[in-house]
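Please read it with the sequence and the model at hand.

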Amino acid sequence: MSFDSLAEIKVQVETPDYDSGNLQSILSEIKFALEQLLQQNKTHCIDLRAMPWSPGEETRLEEYLGRGEISVELNALGKSSFYETRFSGIWIVTHYNQQDEIIGKLIEITYMPDMIYAQYEDVKNSLERLQQP
Amino acid sequence: MNKKTLFELLQQQGITRRGFLKYCTALTSLMALPPAMIPTVAKALESARRPSVIWLSFQECTGCTESLTRSHSPTVEGLIFDYISLDYHHTLQAASGAAAEHAREQAMKDNYGKYLVVVDGSIPLADPGYSTIAGISNLDMLNETVAGAAAVIAVGTCSAYGGLPHAAPNPTGAVSVSSLIKDKPVINVPGCPPIPTVITGVLAHYLTFGSIPELDELGRPKVFYGQSIHDRCYRRPFYDKGLFAETFDDEGAKKGWCLYRLGCKGPMTYNACATLKWNQQTSWPVESGHGCLGCSEPNFWDAGSFYQALSIPDGDYARAAGYAAAAGVAVGAAAGFVHQKTKSTAVAQHSEISVDDFSLNKD
Ligand code: SF4
Ligand code: SF4
């Protein structure tokens, strides 16, 4: 038997129920960032892969933030998913590679993640393609 | 060196600006830079060119290459190595013998002064016969290859400090790269093996900024080796409360208490395991219930039993504990934020970070 990626091996991880304190600190960072977004229109971004999570902690954060009204899927160099959590203005962004492995995971505190907008270079390219006979 | 920039190569493959930005996001995270740096990384990559890389394997077990070829994020094949020209790696390349050596010499000639040399394994000085490639001693090959290099990356504890071959009584007279190479920048990426994403992260830094990252006093990139395992360990709140596992299967072990008394070397070990983790961020040694062995520190093989508790809390331990007490917050929270704080200080110090800020070691 051979596997192309770890994800194919079905492993169930049991997570002991204790807290390293990461959750409270990340939530207070998020709260502060939301205030800044409202007051100064300043966006903020947290790299979730740079956090020293204890087992299960990241999942607990995602469960707490929940899912809100909108989600967007991007297909470029593999999939990416953007969704707003049940707290408007707090987005969870996950980037996958072509093998469906996570290559980036972020919390964005913003009205809309920048990458969702059509990009200037791509729009220019569209026009050029349409203008070709 | 390839004439096309990385951005042009991506465009040629029909990758959109969004795709490019996604690549930059992944790369920024891989380099352990804060997300605020993504636009800077994008700007730098627009003009980055493929560097040529020559990989030399000396007295080693191939564990470092194994680690690297299993790195996933971004995949070696897909995202990093497409844009690095790996011109010589005698374990991975198809050619061997004279043909392989010819490839090395050609790459050196074509990219003189600009290529990167990656070394895994230590260099035996007692008798060159202990390790040769195509009849050339490791020492000769190192000196000859490094002569035209821009920088040398010593991957793994063996090439960074001598490693296992250097362990007492060091029969082969094994030494590290940095003890031999004095006239070129040497970046140490220790670990037995190093975390694969750290290896690719250092290569990515060079690819992106054309410079080497900021190093600590042991020549290690600070972004990855700036904090101790203990500083970032999620079991740290237990350590601070004095809750220790005494055996590997007692109540404390089951509850996930601190492994200090079982010999954890986390307090004196600088590495990124606690955040980057292993095997696609699945887990890491302490999370699996075993103490840190200290594999990214010099002479860890000779530092006594892996299961002997560290006797004296070292300076770092005292400093870290003091910091937490002064801040008056739960240590777990503080420990969780050390990394981000370092990053945001870096950001705060530059109102706008430019590519030039990363070109510290260009000459
Ligand atoms: S001694 Fe080891 S297990 Fe305990 S907190 Fe430090 S690094 Fe973690
Ligand atoms: S936990 Fe310690 S011994 Fe284990 S890989 Fe990380 S630095 Fe090396």
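## Chain A

Helices (H or I, at least four residues) and strands (E, at least two) are DSSP runs, numbered from the N terminus. On that basis chain A holds three helices and five strands, and its elements, read from the N terminus, follow the order α-β-α-β-β-β-β-α.

Of the 133 residues in chain A, 44% are buried, where buried means under 20% relative accessible area, exposed over 50% and partly exposed in between (1.4 Å probe, protein chains only). Among contacts in chain A (heavy atoms within 4.5 Å) between residues at least 6 apart in sequence, 43% join residues at least 24 apart.

## Basis of the model

This is a predicted model, in which local features need pLDDT of at least 70 and side-chain atom pairs count only at pLDDT 80 or more, while totals for chains, interfaces and linings use all residues. Residues are numbered from 1 along each chain as its sequence is written, chains are lettered from A and ligands numbered from 1 in the order in which they are written, and side-chain values use heavy atoms, with hydrogens and water left out.

## The two ligand shells

Around ligand 1 there are 13 residues (each with a heavy atom within 4 Å of the ligand), of which B:His230, B:Cys233, B:Cys258, B:Leu259 and B:Cys264 come nearest. By class, this shell has nine nonpolar, two polar and two charged residues, where Ala, Val, Leu, Ile, Met, Phe, Trp, Tyr, Cys and Pro count as nonpolar, Asp, Glu, Lys and Arg as charged, and the others, Gly among them, as polar. Helix 12 (229-232) and helix 13 (236-241) of chain B each supply at least two residues of the shell around ligand 1.

Ligand 2 is surrounded by B:Thr269, B:Asn271, B:Cys273, B:Trp278, B:Pro285, B:Cys292, B:Leu293, B:Gly294 and B:Cys295. Its shell has six nonpolar and three polar residues, with no charged residues.

B:Thr157 lies in helix 8 (residues 157-161) of chain B and is buried, with a relative accessible area of 2%. Its side chain reaches the backbone oxygen of B:Cys295 at 2.6 Å. When neighbours within four places in sequence are left aside, the residues in contact with B:Thr157 include B:Pro190, B:Cys192, B:Cys295, B:Glu297 and B:Phe300.

B:Asp140 belongs to helix 7 (residues 138-146) of chain B and is partly exposed, with a relative accessible area of 44%. The C-alpha atoms of B:Asp140 and B:Asp127, which are 13 residues apart along the chain, are separated by 12 Å.

Terms used:
A polar contact is a pair of N or O atoms within 3.5 Å; within protein, one must be able to donate a hydrogen and the other to accept it, and residues adjacent in sequence count only if both atoms are side-chain atoms.
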